[in-house]
Amino acid sequence: MANSTPKGAMRLEVFRYSPEKAEEPHFQTYEVPFHKDWVVLDALNYIKDQSDGTLSFRWSCRMGVCGSCGVMVNGVPKLGCSAFLRDYYPNPIRVEPLEHFPVLRDLVFQLDSFLDKLKSVQPWIVRREGEKPVSEGEYLQTPAQHARFKDFSMCINCMLCYAACPVVGMEPHFLGPAAIALAQRYNLDSRDQGRPQRQETVASHDGIWQCTFIGQCSAVCPKHVDPAGAIQQAKLESTIDWFKEVLWPWGGKQR
Amino acid sequence: MKPYVRPMPATWWLKRTPYLLFMLRELTSVFIAAYVVLFLVMIRRLSEGQAAYELFLNGLRSPLAISFHVVALAFALFHTITWFHLTPKAMAVRIGEERVPPALIIAPNYVAWVVVSAAVAWILLRG
């Protein structure tokens, strides 16, 4: 937290939910000093330290690496540590938990569904005949082969893309942007052979075909992963699979 | 511990401009479909003879028909341009380690659009 002199005050309207006290959430207004170099997370920590210790929120690294502090800032999913107060000052800002997730307390939401979705795409290197022993050395990869999936591997699981996606809100079983991007990351990896297994999830009813290409997942991604691109590319590849199955002799299985 | 599930209002697409633009893009299909129906009716009238066709053409001169065409054209342009600009998302073309710049994927769409439009114009207007 920076120690520059405050240049005024800033109002924060924060989503509060305490299941033991009330069935419904409400908004509570706090005033924090306005510093040019403060981010929303600094303001939340100021509230927690100085005015209301009961406010709950997740955070860890405060530098856009850990992906813990995602919140809705005026209705847009942002990392609390990367959203500067100066971009909103002097207007008040409304801070809510990420959309489309069940809220446990205040800004803390339940991420079980997200973790299950991640696991369902088998985000690890799959080898048809098991991994070769260490004594046989590494699976080598050229820089060009690495470049194919590098962008999709930058995901920090911050879940901003799920909060930005209206399809996730309407179809809670939709696999969602980050999980599909991660599936694509492994599918494009030259060392991996697990695409057929992943396709059962990725190309299923709850997979890529739910996506209507609104594109906001990519717009809000703090790591420029471009999940919307990953999903459209996966659609294109699945469509090619389908044509091969229908038109190729032996269903195009020999690839 | 009872998690609170926030309702998703039917008006979610009015909350942010990008969502509204997405809904407009979805809506373009209605106008494009409507125009196709109008076009099919026109062909039908043409097959019914000159009198029927001229009656149909007269109908197209009404202010209502003209405003429909203006709106449908605007939506068709919006549809075409937004989808052209989304093609690089679906097509990740790589040369070695570098990805081909998005502009190079978008540009051929415009070129094809101009060429096809010119061909149609040539067929219709050479007479």
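**Exercise 1. Describe how helix 1 and helix 2 of chain B pack.**

Solution. Begin with the axes. Those of helix 1 of chain B and helix 2 (residues 50-60) of chain B come within 6 Å and cross at roughly 145°. Axes here are lines fitted to C-alpha atoms, for helices over the stretch in contact, and angles run from 0 to 180 degrees between N-to-C directions. Helices (H or I, at least four residues) and strands (E, at least two) are DSSP runs, numbered from the N terminus.

Next, find the residues. Helix 1 of chain B brings B:M42, B:R45 and B:L46, which meet B:A52, B:Y53 and B:F56 of helix 2 of chain B. Two residues are in contact if their C-beta atoms, placed from the backbone, lie within 7 Å.

Then sort by class. This helix-helix contact has 5 nonpolar, no polar and 1 charged residues. Ala, Val, Leu, Ile, Met, Phe, Trp, Tyr, Cys and Pro count as nonpolar, Asp, Glu, Lys and Arg as charged, and the others, Gly among them, as polar.

**A note on the model.** This is a predicted model: local features need pLDDT of at least 70, side-chain atom pairs count only at pLDDT 80 or more, and totals for chains, interfaces and linings use all residues. Residues are numbered from 1 along each chain as its sequence is written, while chains are lettered from A and ligands numbered from 1 in the order in which they are written.

**Exercise 2. State the confidence of the prediction for chain B and for the complex.**

Solution. Take chain B. Its mean pLDDT is 95, and 100% of its residues reach 70 or more. pLDDT is the predictor's confidence in each residue, from 0 to 100. Now take the complex. The predictor gives an ipTM of 0.90 and a pTM of 0.92.

**Exercise 3. Work out the build of chain B.**

Solution. Count the elements: chain B has 4 helices and 2 strands.

Check the overall form. The radius of gyration of chain B is 21 Å, whereas a compact globule of 127 residues would have one near 14 Å. The radius is taken over C-alpha atoms, and the globule rule is 2.2 Å times the number of residues to the power 0.38. Along the principal axes, the C-alpha atoms of chain B fill a box of roughly 75 × 50 × 20 Å.

Look at burial. Buried residues make up 2% of the 127 in chain B. A residue is buried if 20 or more other C-beta atoms lie within 10 Å of its own, exposed if 12 or fewer, and partly exposed in between; C-beta atoms are placed from the backbone.

**Exercise 4. Which elements of chain B touch chain A?**

Solution. Start with the counts. The contact takes 19 residues from chain B and 24 residues from chain A. On the chain B side, helix 1 (17-47) and helix 3 (63-90) are the elements that give two or more residues. By class, that side has 12 nonpolar, 1 polar and 6 charged residues.
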